[in-house]
Amino acid sequence: MDSPSIHGHDIASFDLTSTHRLPTVSAAQALEDLGADPRRFIPTSLEVLDQVLNDVIGDSSDNLSRPGGLQKGQVVEIWGPPGSGKTAFGIQLAANALCQGDKVIWVEGFHPVSPHRLHDVITSVQESSPLSDATHSVADLTENLLHFQAPTLSHLIGLLCKPTTNAIPVNTSLVVIDTLSSLVNHAFPRNFEARRSPKGPGPSARRLQVIQFLISTLQKLAATRDLCIVILSQCATRMQSEHGATLIPSINAGTWEQGIATRLVLFRDWMLRSNTLHDAYFVGIQKLNGKIVPSGINQVFAFNIHREGLVSVGLDGNQASLSLSPSPHLKRKLSQTGFEVADSEGEDYGWEDEDELEMPNMPPQWQGSEDIFLGQTEDDEALTDEGSDNQSPHHEETTANLSSESCRG
């Protein structure tokens, strides 16, 4: 008499007809299923850009209707000069997430978001998008937007680094942090006097420690809560001897670069349509899902900002491609420029000494434009402070009352 006749069919002994207890799925099939799930993406309403952002599925004719957009579980940085459309881009992402039935968190620093503008964009998305939740009104959708004001960097750290249940509720898919670079530059200004502190790290080292703590915390938050954290950041001007003036993200530390999964740059330029020049907005991809573009910037997509949101603009295929090469231009010799140099002290070309007194002072960094001058990276600055290499990053927790309100149309 054998064991099965006495004890019956034993599943624990793997006495099954099949060699596997669970069905297996290949890695390629798993990636394709992941890239075909529309709930994994937050669209930007720019269809061509959304298709490029979804690099999980290979570009083929069978996947023309594949979903696209910014992927959840990542930290995305959108940067550009003032007036390039960063806030409008964030509002469009928030409206698309709300129309899908998800909750959105908007954290603002110094620039408040317009509720009327958000109401118009949600109305437009609800009428045009097939993925929108048509069973709810616009007022019901705006109830899912949690609006926080973070006047200082300490408020932001207290909100996102130690989040409570009410701060990030269930079914939240998108977190938009507006003007984060303003909060960082206000807490750690770049134009401080160079001085060495006998106790502890200097200002540059403390700034780098806070940036490292902040980006690592945002990475964990995005991965554990399955969120898409979008950071709207300003730009800075780096002066270099050979390259000249170059626009770079305002937060440009190496640790920050490692934590950013996708980076988009926004700017404005002229484009040719029907042999006529038109002003348009452009968005370019600099980093996609952890892969840095070797040439500095990849494909560029044109769009316009209307009251109803972002609208794609088709580029004229007959015109030459926009030159966005990061390579510097060779300097010309003075004899090739045609400029005239004053050969005596009396030839000042109309510039009076009183003109310097009449020039306005530079505005504070935290009051709008962050177009500042940088001479070196933040990693290099941290090395100039004594004792900073042996100091472990620390964070001083600050308890602050955060005002939360629902943005109503």
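Of the contacts in the chain between residues at least 6 apart in sequence, 71% join residues at least 24 apart. The structure is a predicted model. Its chain contains 13 helices and 16 strands. Among the 409 residues in the chain, 40% are buried. The accessible surface amounts to about 23400 Å², and carbon and sulfur atoms account for 52% of this area.

How many cavities of 30 Å³ or more does a search of the whole structure find? The search returns 1 cavity, and the volume of the largest cavity is about 50 Å³.

The lining of the largest cavity consists of Ala 88, Ile 91, Gln 92, Arg 117, Val 121, Ile 305, His 306, Arg 307, Gly 309 and Leu 310. By residue class, this lining comprises 5 nonpolar, 3 polar and 2 charged residues. Both helices and strands take part: each of the elements tabulated below contributes at least two residues to the lining of the largest cavity.

| Element | Residue range | Lining residues supplied |
|---|---|---|
| α4 | 86–99 | at least two residues |
| α5 | 115–128 | at least two residues |
| β13 | 300–306 | at least two residues |
| β14 | 309–313 | at least two residues |

Which element provides the largest share of the lining of the largest cavity? That share belongs to α4, with 3 residues.

Definitions and conventions. Residues numbered from 1 in each chain as written. Predicted model: local features only at pLDDT ≥ 70, side-chain atom pairs only at ≥ 80, totals over all residues. Heavy atoms only, no water. 1 Å grid on protein atoms, 1.4 Å probe; cavity = no way out; pocket = protein on both sides within 12 Å on 5 of 7 lines; lining within 4 Å. Points joined across faces, edges and corners; volume = space filled by probe spheres on them. Helix = DSSP H or I, 4+ residues; strand = E, 2+ residues; numbered from the N terminus. Nonpolar A, V, L, I, M, F, W, Y, C, P; charged D, E, K, R; others polar. Buried < 20%, exposed > 50% of the residue type's maximum accessible area, 1.4 Å probe, protein only. Contact = heavy atoms within 4.5 Å. Areas by Shrake-Rupley, 256 points an atom, 1.4 Å probe, with all protein chains shown as cover.
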